[in-house]
Amino acid sequence: MNKINISFITDDALETLYKNSDEVAEYLMKEKNNSNWLKLIYKGELFEEKKYKIDNISLLTDDNYDNVDFQNSIMIYETLKDLPRYILTDERFWCWFNFTIGYKAALQAMKINSKTTFEDHWLFKQSKRRGIFFNVLARCYFRVAFTIDEDNEDKYCLTRFVIENPERFRHMSWKQYAPEREVMLGALYAERDLVEKYNGICDVDKIKYDGGRRTIYSEVAKKLSLYGSVRLVDAASREEIYNYVYEKMEEMIKENLNKGQK
């Protein structure tokens, strides 16, 4: 496969996108095939080439993006995994990636309907941490990076699990413990095993709290934060995290069943 150099959007071009987010959103809604229109927004040099090279991939597209989300997430991860973390967490890199390699797929994955959609899901307006997991294609990379289990014969089993329902991962991804590999894997294996255990008995994904504003997964993330407040969560083993999450989550499921909710 051909290699290409990665690039960053230039600082001036990025600032221009922020200042003209209404106009950018309008173009994104109209121009589905390429981003050549960016030259109408910013007259100078758009991208700055860097020394690092990646495979020149072609992401899949589908009118129902759910059909290709998993495959594209794996492709993005495998293509970018050898880049330094400082690049993978840089807004300027993802601007380049989204407007070039990922353009068509990004527009299918997250429909643009306002400048807010563009700012929240193409830029890092809500801070770097949230930006990484809001960004339409950056989050695809990190969903895989945080869920891949090289020791499992099906190393992407948890990736598939969280892509089926991003709620299973989203709330934990914002927490301080998210980069701790054993914490994330232990928690997600517990969630997966309970979803499978209660399949046909109740729909775990639909269990809600606080008038429907919170899911069982947001409650799991909260309880895991509480666990971390009284213990060194980063020192816990995967088994310890698994057992804790399994116990707490099953309590919530049983409580829900006792209320007659399915």
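Reply: What follows describes the core and then its surroundings.

The model is a predicted one, in which local features need pLDDT of at least 70 and side-chain atom pairs count only at pLDDT 80 or more, whereas totals for chains, interfaces and linings use all residues. Residues are numbered from 1 along each chain as its sequence is written, and side-chain values use heavy atoms, with hydrogens and water left out.

A nonpolar core is here a set of buried Ala, Val, Leu, Ile, Met, Phe, Trp, Tyr and Cys residues joined through side-chain atoms within 4.5 Å, where buried means under 20% relative accessible area, exposed over 50%, and partly exposed in between, with a 1.4 Å probe and protein chains only. The largest such core has 95 residues, and the members that touch the most others are F93, W94 and F97. Its greatest contribution, 9 residues, comes from helix α13, which spans residues 181-197; helices (H or I, at least four residues) and strands (E, at least two) are DSSP runs numbered from the N terminus. Because domain 1 (1-145) and domain 2 (166-262) both give residues to this core, it lies between them, the domain bounds being taken from an automatic or database domain assignment.

Around F93, leaving aside residues up to four places away in sequence, the residues touched are I6, S7, F8, L80, L83, I87 and L88, a contact being heavy atoms within 4.5 Å. For the chain as a whole, 70% of the contacts between residues at least 6 apart in sequence join residues at least 24 apart, and buried residues make up 52% of the 262 residues. In soluble globular proteins, nonpolar side chains tend to be buried together.

Two cysteines deserve a separate word. C95 is buried, with a relative accessible area of 0%, and C140 also counts as buried, at 2% relative accessibility. The sulfur of C95 has its closest cysteine sulfur in C140, 15 Å away, which is too far for a bond; with a disulfide defined as a pair of cysteine sulfur atoms within 2.5 Å, the count comes to 0.

By contrast with these buried cysteines, E150 counts as exposed because its relative accessibility is 52%, and E150 is found in the loop between α10 (138-145) and α11 (157-164).
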